Amino acid sequence: MNEARDQTWQFIERVERSTEAGQVEQCLMEIASDYGFSTLFGGVVPSARVSPEEIKSRILFQRFPLEWAGRYNDRGYVFRDPIVHRLQHDRNPFDWQEAYTSCDFPKDVALIQGEASEFGLRVGYVVPVTMLDGRVAAVSFGGCHADIGAEGRAALSFVANYAVGNLLHYKESRKRLIGKVTPREFDCLLWASEGKTDWEISVILGISRSTVTKHIVSAREKLGAVNKPHAIAMALRSKLLR
């Protein structure tokens with residue numbers, strides 16, 4: 001029991017300390033690998049056909065073989081994927097096989113199941129994450145073989161929900177932050193987060209040192225930060241949403 005509790009807190013702490021989406025993805029992958037999964041895909045589920053650019057903006061995590069990821073994205077397989085079909089109406093976690101069996105489009109099943117298996121993706125587990133605004137995100141774990149019982153399902157549901165919620169929180173936080181400060185003010189904060197002095201930032205951006213100072217003071221006031229380090233910390237955390 002203590003070991004499971006420690007693992008939970010270690011996962012939470014690692015996600016909280018992450019400064020980019022790839023690090024959160026790695027935290028998820030390490031838990032998933034305990035149950036035999038080797039890949040994961042996560043994003044906000046489209047409820048209708050949207051542009052490829054919109055699809056890309058919805059992706060949160062993507063740890064697939066590069067060739068399969070390229071094929072899946074470029075050919076718009078998201079609109080033919082039985083898993084996505086099921087997510088339109090099912091908010092409970094489910095196995096890939098359940099999605100294949102319940103799909104009303106046999107050609108889509110043959111396409112996605114057949115081509116995914118070429119890359120060793122034969123079994124999987126999907127965790128839907130329903131948001132308060134009605135949208136649905138999901139994390140799909142996949143692999144060649146998996147050993148997942150009730151305990152594993154519960155663990156994957158927890159980590160998927162926590163990771164998605166954490167990442168979406170940072171996305172929204174960054175939107176609010178960018179909406180308050182100017183692009184140049186934001187640049188100054190980010191360079192300051194890299195340990196650059198006001199003079200070094202002025203050289204990098206091609207502006208005067210006094211202007212850099214004014215930008216940072218202005219950003220701190222707009223963000224309601226108590227001091228310069230607080231404003232820098234807010235900008236640094238926002239880099240999660242590259």
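Q: What makes R86 count as lying over the face of F94?
A: In this predicted model, R86 is 5.0 Å from the ring centre of F94. The cut-off for a charge over a ring is within 6 Å of the ring centre and within 35 degrees of the ring normal. R86 is listed as lying over the face of F94, so it meets that definition.

Q: Why is the aromatic pair of F41 and Y72 called tilted?
A: The structure holds 9 aromatic pairs. In the one formed by F41 and Y72, the rings are 5.9 Å centre to centre, with 55° between the planes. Centres within 6.5 Å make a pair; planes under 30 degrees apart would be stacked and over 60 edge-to-face, so the rest, this one included, are tilted.

Q: Which parts of the chain does this pair link?
A: F41 belongs to strand β1 and Y72 to helix α4, 31 residues apart. Both F41 and Y72 are buried. Ring pairs also join them to F64, W68, Y77 and F119 in a cluster.

Q: Why is strand β5 described as largely enclosed by the rest of the structure?
A: Because 8 of its 8 residues, 136–143, are buried. Buried means under 20% relative accessible area. One side has V136, A138, S140 and G142, the other A137, V139, F141 and G143, and both faces are covered.

Notes
Residues numbered from 1 in each chain as written. Predicted model: local features only at pLDDT ≥ 70, side-chain atom pairs only at ≥ 80, totals over all residues. Heavy atoms only, no water. Buried < 20%, exposed > 50% of the residue type's maximum accessible area, 1.4 Å probe, protein only. Helix = DSSP H or I, 4+ residues; strand = E, 2+ residues; numbered from the N terminus. Phe/Tyr/Trp six-rings, centres within 6.5 Å; stacked < 30°, edge-to-face > 60°.
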